[in-house]
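Student: I have the sequence and the structure open, and I would like to go through them by question and answer.
Tutor: Ask in any order you like.

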Amino acid sequence: MTQYTPSESLVQLLIENGFREVTEQYFPHSHVRLELKGESYHPAYFQRAFRFSTGTALLILNYLTIRMIYKSYVLVESRRLTEEEAQAIMAFCKLPAKQQGILSRKISNLTDLQSALQQHLTMPEPRLRPYLVR
């Protein structure tokens with residue numbers, strides 16, 4: 001079973017899944033060292049930030065810790081992720097902002113995230129009631 005920690009392999013996984021790096025915005029000191037000075041990424045010395053699209057959850061590699069943040073609240077924090085946990089985090093980040101807001105109220109750890117996503121994905125689409133004519 002694959003385990004992910006803050007590393008170049010996790011960075012590549014995020015980029016391959018459509019995430020863009022926003023380190024420059026959140027951690028300019030790390031951005032300067034990585035991009036301008038050309039230092040190689042080592043999780044013990046750098047912070048990095050990724051986002052799927054604007055206005056959504058933020059995934060931060062905070063030195064040796066992986067954090068998922070939604071509107072300044074840490075929803076998930078872990079030092080390592082299983083493949084299923086990484087997929088759940090990426091799935092949450094890819095949801096529209098409104099659905100992220102609804103689900104974020106139910107999440108306080110990785111287990112909550114996985115169960116909330118499972119419930120959300122199995123719920124039928126809401127239907128509009130036909131207007132009653134009197």
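Student: How many nonpolar, polar and charged residues does the lining of the largest cavity have?
Tutor: Ala, Val, Leu, Ile, Met, Phe, Trp, Tyr, Cys and Pro count as nonpolar, Asp, Glu, Lys and Arg as charged, and the others, Gly among them, as polar. Sorted this way, the lining of the largest cavity comes to eight nonpolar, no polar and no charged residues.

Student: What pLDDT do local features need here?
Tutor: Residues are numbered from 1 along each chain as its sequence is written, and side-chain values use heavy atoms, without hydrogens and water. The model is predicted, so totals for chains, interfaces and linings use all residues, side-chain atom pairs count only at pLDDT 80 or more, and local features need pLDDT of at least 70.

Student: What volume does the largest cavity have?
Tutor: On a 1 Å grid over the protein atoms alone, a cavity is a set of points where a 1.4 Å probe fits but cannot get out, and lining residues have an atom within 4 Å of a point. Points are joined across faces, edges and corners, and the volume is the space filled by probe spheres set on them. The count by this rule is one cavity of 30 Å³ or more. The volume of the largest cavity is about 30 Å³.

Student: Which helix supplies the largest share of the lining of the largest cavity?
Tutor: Helices (H or I, at least four residues) and strands (E, at least two) are DSSP runs, numbered from the N terminus. The lining consists of Leu10, Leu14, Leu59, Ile66, Leu81, Ala86, Ile89 and Met90. At least two residues each come from α1 and α4 (83–94). The largest share, three residues, belongs to α4.

Student: How far does α4 reach from its first C-alpha to its last?
Tutor: The expected span is 1.5 Å times one less than the number of residues. For the twelve residues of α4 16 Å is expected, and close to that is the reach of 17 Å.

Student: Within what arc do the buried residues of α6 fall?
Tutor: Buried means under 20% relative accessible area, exposed over 50%, and partly exposed in between (1.4 Å probe, protein chains only). The buried residues of α6 are Leu110, Leu113, Ala116 and Leu117. They line one face of the helix, because down its axis they fall within an arc (of the directions from the axis to the C-beta atoms) of 125°.

Student: Is Ser72 buried or exposed?
Tutor: Ser72 sits in the loop between β5 and β6 (73–78), and its phi is near 70°, a positive value in a residue other than glycine. Its relative accessibility is 68%, so Ser72 counts as exposed.

Student: Where is Tyr63, and what is its phi?
Tutor: Tyr63 counts as partly exposed because its relative accessibility is 33%. Its place is the loop between β4 (58–62) and β5 (65–70), and its phi, positive in a residue other than glycine, is near 55°.

Student: Which residue's side chain has a polar contact with that of Ser7?
Tutor: A polar contact is a pair of N or O atoms within 3.5 Å; within protein, one must be able to donate a hydrogen and the other to accept it, and residues adjacent in sequence count only if both atoms are side-chain atoms. Ser7 lies in the loop between β1 (3–4) and α1 (8–16) and, at 17% relative accessibility, counts as buried. At 2.9 Å, its side chain contacts that of Ser9.

Student: Which residue's backbone oxygen does the side chain of Ser78 reach?
Tutor: Ser78 belongs to strand β6 and counts as buried because its relative accessibility is 15%. At 2.6 Å, its side chain reaches the backbone oxygen of Arg80.

Key:
On a 1 Å grid over the protein atoms alone, a cavity is a set of points where a 1.4 Å probe fits but cannot get out, and a pocket is an open set with protein on both sides within 12 Å along at least five of seven lines; lining residues have an atom within 4 Å of a point.
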